[in-house]
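Please read the following report with the sequence and the model side by side.

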Amino acid sequence: MADGTTPREELQPAPAGGPPGGLALGQGASARDEPAASRVARLEAENARLREVERRLLALEEARRESDQAFRDMAENVPGVIYQWRERADGTFGFTWVSPRLEEVFGVRADEAHRLPDLLHPDDKARWRRSIELANQRGRDWSFEGRFILDDGRLCWWRGASRKVRVSDDEILYNGMLSDVTELKELEQQLNQAQRLEAIGLLAGTVAHDFNNLLTGISASAELARRQLEQGRTAELAQDLETILEATERAGQLTRRLLTFSREHLIEPRDLDLNEVLRGLHRFLARLLDASIELVQDYAPGPLPVHADPAELEQVVLNLAINARDAMPRGGRLTLRTRAVSAEAPDDGSGRAAAPERVELQVVDTGVGMTDRVRALAFDPFFTTKEVGRGTGLGLPTVRRILRTCGGEVELESAPGQGTTVRVRFLRVAGPAGGSSSRPPFGSGGAAAQPAGPGESTTTVLLVDDSREVRQSVERLLEVSGYRVIAAGDGDEALEAAARGARFDILVTDLVMPRRGGLEVAETLCAARPGLPVVFISGYAGGTTPEALAATGGVLLEKPFTSAALLAAVRRALERGRAPAG
């Protein structure tokens, strides 16, 4: 070499105390003192160690590639969309990463994931934001079910669930998955329908008994009224007519409740007093329970306002009552208890806002109770401990599904031989509750009937109803109130009258009719005359959605109704500023 050293002297293993596994240059004297064979052995050992390090690094790199590929395979093939979501302290939020399946499942490219909140159904947006706020307040995982209106117009049900993975002063990160549950929701609706029909089957006998009692009262009172008219005894006539009206009201309440449990009802959440809903169900539940079961009401004083669909709220109570009844084959006591649950600020020093005040319904039975295993599976769809043919295993899953849609929650306490307590909690809403029954009470809809106003004697009503009795009764009510009436026996007759040039100011139509329903008639006439006032009269919506009715601007009046309710509905429709007759 140029400096007089041999090649072996230039590159030598580092001495003790040097960098581990390193090599030293020019160790001259000490290297020359070591036998050549020993130096070669040391270098070969060092080379072997370096080759092992290289092998391990290559193995780690291969494992990383396999892990990345496995994650990609999972993200692209799981039946859902994997994502990461960020919530910042300044109120901003959004996706930080979304799996490529987003486009396949929801028709939205991954780089357009920020559009997903805009696709939420308008009725679900506030509930979705509230669910996130509650998850942040409570420090819990997040879950939600809602609807997307996709770019092609399709309505898609989805379910989201995520777990909090990192929290700092500035942001919260969630890892989660979105799933398309449209088919599941459709199947669930079919099964819920079957469950409602099962309830109707249980109630058929007692309902027939109640209805026959009502018909007997109506028939007897009408017969007495006729005799009194024939004999000129009008003093007692008012009492018999009042009896007929009261029986009609009770019959209307009974049929509305039957429809609640037998059909796919329209979901129309509104403010309700939970106590009043339960009081309205008392007679119905008493008929449902065996005579050996005592039904106890223990309601908190004052109104307990909640926001829910009244029919679905009644479905929750019915399902829990049926479960309690089946758990007490030898009789017992079923207690319905309500109370307000005060909001308490968290004491963890986090500064988080207090949880919202709640309204709690307790359904307590003295039945056989549940084991830990049964309690753990109680909310699983199709799980049941009942014998074949006596249950679908959907009672409690349906309760939980309904509560999720209105921001509620359910808890279950039970032990063998100790009975069961189900605690159902709803968000308490401000302001007065909106009613006690699943539908507007009999006679609602406006002020009492008044004499015809200045414009009513010149107002013409196109009346459409396929029931001769209803059509003639409504026609007489309208005429004695000062309206002129063009009557049609079905939708085709109504459209033919309009085609012939019949002039009218408002359409009053039955909603469900053969061949051509009231909604189709209204849509056809409103297309020709935008702004035409419309009143729909029906006791059964027949699958018509609230959105479809709202598109016509129509007022819905449910049968049975009084003259006051009918005239109030007509006035409301006319007061909406419709265009004059064409």
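Which residue in S12 does Arg-339 stand opposite? Arg-339 stands opposite Glu-360 in S12. The model is a predicted one, in which local features need pLDDT of at least 70 and side-chain atom pairs count only at pLDDT 80 or more, while totals for chains, interfaces and linings use all residues. Residues are numbered from 1 along each chain as its sequence is written, and side-chain values use heavy atoms, with hydrogens and water left out.

Strand S11 (residues 332-341) and strand S12 (residues 358-365) are joined in the antiparallel sense over eight bridges, where two strands are said to pair if DSSP finds at least two bridges between them. Helices (H or I, at least four residues) and strands (E, at least two) are DSSP runs, numbered from the N terminus. Both strands belong to an open sheet of five strands with mixed pairing, in the order S9-S11-S12-S14-S13. Strand S9 (293-298) and strand S13 (409-414) stand at the edges with a single partner strand each, so one side of each is left without a neighbour in the sheet. On average, neighbouring strands of this sheet are turned by 15° against each other, direction ignored; the axes behind this value are lines fitted to C-alpha atoms, for helices over the stretch in contact, and angles run from 0 to 180 degrees between N-to-C directions.

**The chain as a whole**

The protein chain has 17 helices and 19 strands. Of its 582 residues, 41% count as buried, a term that means under 20% relative accessible area, whereas exposed means over 50% and partly exposed lies in between (1.4 Å probe, protein chains only). Residues 24 or more positions apart account for 65% of the contacts in the protein chain with a separation of 6 or more, a contact being heavy atoms within 4.5 Å.

**Helix H17**

Helix H17 (residues 563-574) has 12 residues and reaches 17 Å from its first C-alpha to its last, close to the 16 Å expected at 1.5 Å a residue; the expected span is 1.5 Å times one less than the number of residues. H17 is mostly covered, with nine of its 12 residues buried, among them Leu-566, Leu-567, Val-570 and Arg-571. The buried residues of H17 pack against helix H13 (468-480), strand S17 (506-510), strand S18 (534-538) and strand S19 (555-558).

**Strand S7 and its partners**

Seven of the 10 residues of strand S7 (residues 171-180) are buried, so S7 is largely enclosed by the rest of the structure. S3 and S7 run antiparallel and are joined by eight bridges, and the bridge partner of Tyr-83 in S7 is Gly-176. Strand S6 (residues 155-167) also pairs with S7 in the antiparallel sense, over nine bridges, and a hairpin of three residues joins S6 to S7. In this pairing Trp-158 stands opposite Asp-180 in S7.

**Aromatic pairs**

Rings of Phe, Tyr and Trp (its six-membered ring) pair if their centres lie within 6.5 Å, and planes under 30 degrees apart count as stacked, over 60 as edge-to-face and the rest as tilted. By this rule the count comes to seven aromatic pairs, and two of them are set out below.

| Pair | Centre to centre | Angle between planes | Kind |
|---|---|---|---|
| Trp-85 and Phe-95 | 4.8 Å | 85° | edge-to-face |
| Phe-106 and Phe-148 | 5.3 Å | 85° | edge-to-face |

Trp-85 lies in strand S3 (residues 81-88) and Phe-95 in strand S4 (residues 93-98), so their pair ties together parts that are 10 residues apart in sequence. Trp-85 counts as buried at 8% relative accessibility, whereas Phe-95, at 22%, counts as partly exposed. Phe-106 lies in helix H4 (residues 101-106) and Phe-148 in strand S5 (residues 142-149), so this pair ties together parts that are 42 residues apart in sequence.

**Two single residues**

Thr-460 is found in strand S15 (residues 460-464) and counts as buried at 9% relative accessibility. Leaving aside residues up to four places away in sequence, Thr-460 touches Arg-484, Ile-486, Arg-503, Phe-504, Asp-505 and Ile-506. Arg-515, by contrast, is exposed, with a relative accessible area of 66%, and its place is in the loop between S17 and helix H15 (518-528). The phi of Arg-515 is near 65°, a positive value in a residue other than glycine. Most residues other than glycine have a negative phi.
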